[in-house]
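Please open the model in your viewer and keep the selection panel at hand. The stops below say what to select next and what is to be found there.

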Amino acid sequence: MLSRASCRVARLSPSGTRSYSVEATDERWPGWQPVIGIEVHTQIRARRKLFSDAVANFDARPNWHVSSFDAAFPGTLPVLNKACVDLGTRTALALGSQVHERSSFDRKHYFYADLPAGYQITQHYSPLATGGKLHVTHTHKQVKHGRDVRIHQIQLEQDTAKSTYHPGHTLIDLNRAGAALMEIVSEPDMRSPEEAGAYVTELRALLRAIGASNGNMDEGSLRCDVNVSVHRPGEYFGTRCEIKNLNTIKGLQIAITSEIRRHIALLSSGQSIAQETRGFDEDRAETFKLRSKEDAPDYRYMPDPNLPPLMISQDYIQHIKAGMPPLPSDIRQRLAEQHKLSERHIDVLMSMWEVSDVPFDGERRENDALSYFEEVAQGRSSRLVANWITNDLVGGLAYRGETFSPERLPAAHLGLIIDMVQMGDLTGLPSLLFSEPCSLLLPPLATSGRALLRRLLEEPCTSEPLSAMIDRLNLRSTGADGLQQFCETAITRLHVEAESARKGNTKVLKRLVGEVMKTSKGRADAQAAAVMLREMLGLPADETKS
Amino acid sequence: LCVAVKDNLCSYWLPTTAGSLALSNFHSPYNSTPLRLLLRAHAHLLGKTNMDEFGMGSFGVHSASGPVQNPRWEGRVAGGSSSGSAAAVAGGLCDVALGTDTGGSIRLPASYCSIYGLKPSSGLISRHGLISYADSLDTVGLLARSVRVLQRTFGIVNEWDEKDPTSAPKEVREAAAQQARERLQELGQGVTGLRVGVPAEFCPSELSASALAPLRTALRALRAQGAHLIPVRLPSTPYALSAYYVLASAEASSNLARYDGVRYGFRGAVAREEERGDTARMYARMRTAALGGEVRKRLLLGTYALTADAFDNYFLQAQRVRKLVKNDFDTVFRAPNVLSFPPSAALPGPNEQGVDVLLHASAIGPAPRMEDVQKQAGRELDAYVQDVLSVPASLAGVPALSVPVSGEGEGEGSVGVSVVGQWGWDELVMRVGEVIGDKIDD
């Protein structure tokens, strides 16, 4: 548990540098306060690269999507891709940053085989946006923590080519050279590895939601560099070290923890921290030195003379604001208020939506779980629809080892099934229980609605009218006569249970209903069957249900 | 039109070497825009012309393909860096040649070879396909034996290009052209009422007597035809040369970083054992072999100027000087500089105290002898001093035309006369050139 015993009051040092700490200390490193800042490099979800019209596709065969400019051929010049500025501005607005009216591009020089021009075009002197914040919550040892992590700046820059190392030689793939990157630099506001992980998770979700990036850390479309230092609460911030190229949240947290311990070990033994850039060895779960401050290269930043300053007007900012997709928090609020869905429904729908593809160039998401839900819910009960989707559809797909995709069961078909169940042409689950996804409450009943759904998943793309299919598969629900027959059969078959029920044991009624559903192959209406069985067995009508 | 193209403008069918060993085997996958426009207009491409390596040189002797002889003045250098283009035109091999001018590389060889050399306003002719030396200074231009051919060729290549981010937008071109047209109408067919500025700072102590004679001839001719001669001052001129070399070298160190032989061009011998895993050493060895001495010198100086310690004192300071030089021109010219105003703003009226054009000598003297240059008989800085008169117009991005004017007592080579105008006033500059220039070709 975090101890509050060592809280101190904020106090600024005389020189004005930040050195305060109001935090309590963590039991893992009592008496020490870690300070963490993160630089996130994320690939902007644009179809084409930042300064060339080559397509940004990094999975294609090597050196296939390369323009003359990307390969730094003589005589080529950069032409800015507006979509990248749009998405950068969207990000700045979503984080509450101030978008600068004027920003400019600079060249950062160093020689390396993955940098064809010998320089990277970035924004060193005057970035796209500064300021802003991201609210981050995380739970550590059952205590919930929340903090606003401030953003230092957001800038646009080129990505390098991809190097693959082999013994004796290196292969260079220029598909990625010149792709658009956004660098989001945070202030050193984080105080624990868990908070850092939560920050990256939260930022990633935001970037995906607004369409700025697909935030795929495995593919490398989101990479982190972390700055870590430690200090005793109330004293100046300590010397920081940078850990480069962390590609998983878990790795990030382990690296930070390892680095904190390393700093504390050194400082505790009276040594000082050398300002270094370090890498992270995943296998040994520790950081290692890449280069010291003295070895740091001089990048010789020079304003790029080919690129005029980027001028951004208030009109343009309003235009971007107007086109901004809703944030996850807004969507959740709408599902709760407008559709009156339960929190569990919302969680499931949001998690289905979150994994859908992020479209390019900031276009609207189509064919995702939420637009599917909206379509089916048109003119129907939202909660009913949510239940069918989160329960039966997801369940049916999971049974087949598939994840949700709107093509699997067209919205119109699902809508039809739901309508037919409501009208009684198909059987579904009792409508009472639609307030919650009820698969956990009752044993799965073989309803004909669900059976039809599963059948449609097996054989999609049928041009056969649904009605005909229902009859062909003999799924149409039984009328009252048919029901009577099934009930009588059930009572005969399970005479022991029937006898028990006649004596007043109503719990066993479920088994009889189940038998009715089984023999009718789900075509009987469970609720009607229950009513009829009670009647037949001479039991009073159930007052709890109505 | 038969056209020769300087070898730093990319061509698809012929090699593009930029006068360097680094690109000796390079075939560009595309045509530079100026060449493409000329070919579209059915011009005939004669070939690619020799040049100082990557545009760095004033005499035309720093080329991997050897020095260029001056066809008009035997035994003398042709000037650089558009040495081959000037020689091809002066020698009658073609009608017009494409050249490039970063600090005087068209005007100086034009002056040495006694032909017309135009450095247009910056941003008018597309730089797409021009191998960059210093992007903020590089300008594609033309060399010919008559103003009429210059005008005709200029009309073909003077177009906005979406592939060049520094290509002047159409509204801006139109705004300046509109003003220039009105003034040309006022002047009628000739130059009556033309206000000609003679800047005092463009007669430095290095200037030889032979450089002043053609200038005097030109001024007398203009005055005889009704022009007014006005002495003017451009006080920042003495600082321009230093600022130019700092900026040009710094930008060159950036633009030439790509020549490592990995993706194209000269690669040299395979990596040695001790270079494994050390990209920097391999690059250093290759680039030392592939790039000539003059280029290496400027790259090293340019790299230094960009280092963290030196940046403020050299690069930034040079940018400040550049701004002063630009302001000097804007102060003396009658017409406002349309680049200084936002697109929607109304332009102010003309400054009646200002001048329409400036006239000055194109070079400090005639072309030096080839043997003197190759033996480096002069002082080491002589080569750089040649540019002192041409760099101010380069820093300001204003149009400048070197005109062949026969002076008295011409024995050992000529010196041209430069006509400089406000940004976008290329037509007026060419008209003045037509009035004062020798008729070599008709």
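Begin by colouring the two chains separately: chain B and chain A bury about 2700 Å² between them, 60% of it on carbon and sulfur atoms, where buried area is the accessible area (1.4 Å probe) that two parts lose on being put together, summed over both. This is a predicted model, in which local features need pLDDT of at least 70 and side-chain atom pairs count only at pLDDT 80 or more, while totals for chains, interfaces and linings use all residues. Residues are numbered from 1 along each chain as its sequence is written, chains are lettered from A and ligands numbered from 1 in the order in which they are written, and side-chain values use heavy atoms, with hydrogens and water left out.

**The interface**

Select the residues in contact (heavy atoms within 4.5 Å), and you will have 37 from chain B and 30 from chain A. Within that selection, show B:Pro165, B:Arg258 and B:Arg263, which supply 22% of the area that chain B buries against chain A, more than any other three residues.

Next, display the side chains of A:Arg107 and B:Asp135, which meet in a salt bridge at 3.1 Å, N to O; the term requires a side-chain nitrogen of Lys or Arg within 4 Å of a carboxyl oxygen of Asp or Glu. The rule finds one salt bridge across this interface.

Now select α7 (237-255), α8 (279-290) and α9 (293-306) of chain B, each of which supplies at least two residues of the side that touches chain A; helices (H or I, at least four residues) and strands (E, at least two) are DSSP runs, numbered from the N terminus. Of that side of chain B, α7(B) gives the most, with four residues.

**The sheet of chain B**

Turn to the ten strands of chain B that form an open, mixed sheet in the order β2-β1-β3-β5-β4-β9-β10-β8-β6-β7, pairing being assigned if DSSP finds at least two bridges between two strands. At the edges, β2 (44-49) and β7 (228-232) of chain B each pair on one side only.

Zoom in on β4 (residues 116-119) and β9 (residues 400-403) of chain B, which run antiparallel and are joined by three bridges; here B:Lys119 stands opposite B:Ala400.

**A last stop in chain A**

Finally, select A:Asp225 and A:Lys244, which form a salt bridge with the closest N and O atoms 3.1 Å apart. A:Asp225 lies in strand β12 (residues 222-231) and A:Lys244 in strand β13 (residues 241-246) of chain A, so the pair ties together parts that are 19 residues apart in sequence.
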